[in-house]
Amino acid sequence: MTEAVTSHEQPDEPPLPSASPSPEQAPVLSTSPSAERVVSPADIRDGAAIALAVGVTGVLLGLLWAWLAPRVQYVSNGEAVFLRDTESEARIGADATFFLLALGFGVLSAVAVFLWRRRGGVPQVVGLVLGSAFAAVAGWRLGLWLGPSTDLVGVARKAGKGVPFDAPLELMAHGALLAWPMAAVIVHLALMALWGPREVVAGPLSWPSYYQGPADAVPADATPAAAPDLRPGPSAAEPPRP
């Protein structure tokens, strides 16, 4: 008794789509315009112009400091020079005057730079810092030069015994030189954060999922493959019955 064996060749199953994304499904990274922006020669020229313009205004700081700073007076007895009023706060007043003037100039320079170039940029900030630091030092040295003479002996002899005269203008707190650049940078950054140009993102990031199953990997518009028919055909020999 032999058994007829019918071989049912199963058709090849359709290959599953690969997990690697197609070029259409590849992630597209959208970058903002500021991320692609590089420092151009025009930006460098703007930074140099800002540094020069702000540095020149240090002359005005020196003039105002020499004019508004309170004076310390000395008096001579013919042999030595003494403070006329030992309890005077004029020395502290000179430092405070310089600090307040530098602070005001820092705010004004930051506002002027922001109104001139609203787009911002690293060269502008660098130019503002360098120009402000130079202006503070230039105003300090110019104020000392415009103030009373530093030759106390000559001035005392010229004034005479018992006659008070103005002492040289001094800046005892040298940390006040940082008031202008610090105020300029802080105010400029605050203005850029509040009213500066906003960065517009082209679109959200789309990343493919590499853990999706075979059913999810099949495109939506694909025609479903017919399931193979494993039932024996009419011409197939029936297996022997026991």
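**The nonpolar cores**

The largest nonpolar core has 22 residues, and among these W65, F98, L171 and W180 touch the most other members. By nonpolar core I mean a set of buried Ala, Val, Leu, Ile, Met, Phe, Trp, Tyr and Cys residues joined through side-chain atoms within 4.5 Å. Buried stands for under 20% relative accessible area, exposed for over 50%, and partly exposed for what lies in between, with a 1.4 Å probe and protein chains only. At least two residues of this core come from each of α2 (41-56), α3 (58-68), α4 (90-116), α5 (122-146) and α7 (179-195). The most is given by α4, with six residues. A second core, separate and made of six residues, includes Y74, A90, F165 and A167.

Before I continue, please note that this is a predicted model, in which local features need pLDDT of at least 70, side-chain atom pairs count only at pLDDT 80 or more, and totals for chains, interfaces and linings use all residues. Residues are numbered from 1 along each chain as its sequence is written, and side-chain values use heavy atoms, with hydrogens and water left out.

Which residues does L171 touch, not counting those up to four places away in sequence? They are W65, D95, F98, W140, A176 and L177, where contact means heavy atoms within 4.5 Å.

**The overall arrangement**

The protein has eight helices and three strands. From the N terminus on, their order is α-α-α-β-β-α-α-α-β-α-α. Helices (H or I, at least four residues) and strands (E, at least two) are DSSP runs, numbered from the N terminus. Of the 242 residues, 25% count as buried. Among contacts between residues at least 6 apart in sequence, 84% join residues at least 24 apart.

In α3, the buried residues are G58, L61, G62, W65 and A66. Seen down the helix axis, they fall within an arc of 125°, so they line one face of α3; the arc is that of the directions from the helix axis to the C-beta atoms. The cover over these buried residues includes α2, α4, α5 and α7.

How do α3 and α4 meet? Their axes come within 10 Å and cross at roughly 150°. Here the axes are lines fitted to C-alpha atoms, for helices over the stretch in contact, and angles run from 0 to 180 degrees between N-to-C directions. L60, L61, L64, W65 and L68 of α3 make the contact with A94, T97, F98, L101, A102 and F105 of α4.

**Two individual residues**

A102, in helix α4, counts as buried, at 0% relative accessibility. Leaving aside residues up to four places away in sequence, A102 touches L61, A176, A179 and W180. A102 and L177 are 75 residues apart in sequence, yet 7.6 Å apart in space, C-alpha to C-alpha.

N77 is placed in the loop between β1 (73-76) and β2 (81-83). Is N77 buried or partly exposed? With a relative accessible area of 34%, N77 is partly exposed. Its contacts, again not counting residues up to four places away in sequence, are F82 and K161. The C-alpha atoms of N77 and K161 are separated by 5.2 Å, although these residues are 84 residues apart along the chain.
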